[in-house]
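Here's a quick tour for anyone meeting this structure for the first time.

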Amino acid sequence: IVILTILYGFSFMCSAFMSNAAVAIILTPIGVMLAAMVNVDPRPFLIAICFGASCSFITPMGYQTNMMVYGPGQYKLKDFFQMGIPLTILFWITAVYFIPIFWPFHP
């Protein structure tokens with residue numbers, strides 16, 4: 001659970017500054033390697049990477065639509081932090097709770 005939590009957190013932190021597809025591609029081998037090191041099914045780690053990479057609410061740079069509304073909506077970076085950080089933490093807790101239920105560590 002701790003490794004899953006850290007992997008999800010690292011994934012959403014990276015996706016705040018680069019594309020979610022790039023984060024998923026870069027972290028997938030790390031997730032598979034970590035699963036092999038602790039002798040568990042790699043699927044929960046890969047799901048955590050995908051969910052974390054898709055959780056780009058903290059900055060406008062993380063997702064194209066955020067950048068599209070950033071200028072015309074006259075948003076500030078502070079606006080993304082105020083709404084994005086609580087939403088990201090909520091998703092993080094929910095994902096770490098439900099991922100092992102739907103994708104168990106041992107098949």
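## Helix packing and ring pairs

Helix H1 (residues 2-15) and helix H3 (residues 43-53) have axes that come within 7 Å and cross at roughly 30°. That makes H1 roughly parallel to H3 (angles under 35 degrees count as such). The contact (heavy atoms within 4.5 Å) includes Leu4, Leu7 and Phe12 of H1, along with Phe45, Ile49 and Phe51 of H3. Sorted by class, the contact of H1 with H3 has 11 nonpolar, three polar and no charged residues.

This is a predicted model, where local features need pLDDT of at least 70, side-chain atom pairs count only at pLDDT 80 or more, and totals for chains, interfaces and linings use all residues. Residues are numbered from 1 along each chain as its sequence is written, and side-chain values use heavy atoms, leaving out hydrogens and water.

Now for the rings. Rings of Phe, Tyr and Trp (its six-membered ring) pair if their centres lie within 6.5 Å; planes under 30 degrees apart are stacked, over 60 edge-to-face, and the rest tilted. By this rule there are 11 aromatic pairs. Here are two of them:

| Pair | Centres apart | Planes | Type |
|---|---|---|---|
| Phe57 and Phe91 | 5.3 Å | 75° | edge-to-face |
| Tyr70 and Phe80 | 5.9 Å | 45° | tilted |

Tyr70 sits in helix H4 and Phe80 in helix H5, 10 residues apart. Phe80 is buried, with a relative accessible area of 10%, while Tyr70 counts as partly exposed at 28% relative accessibility (buried means under 20%, exposed over 50%, partly exposed in between). Finally, Phe51, Tyr97, Phe98, Phe102 and Trp103 form one aromatic cluster.

How values were computed: Axes are lines fitted to C-alpha atoms, for helices over the stretch in contact, and angles run from 0 to 180 degrees between N-to-C directions. Helices (H or I, at least four residues) and strands (E, at least two) are DSSP runs, numbered from the N terminus. Angles under 35 degrees count as roughly parallel, over 145 as roughly antiparallel, 65 to 115 as roughly perpendicular and the rest as oblique. Ala, Val, Leu, Ile, Met, Phe, Trp, Tyr, Cys and Pro count as nonpolar, Asp, Glu, Lys and Arg as charged, and the others, Gly among them, as polar. Buried means under 20% relative accessible area, exposed over 50%, partly exposed in between (1.4 Å probe, protein chains only).
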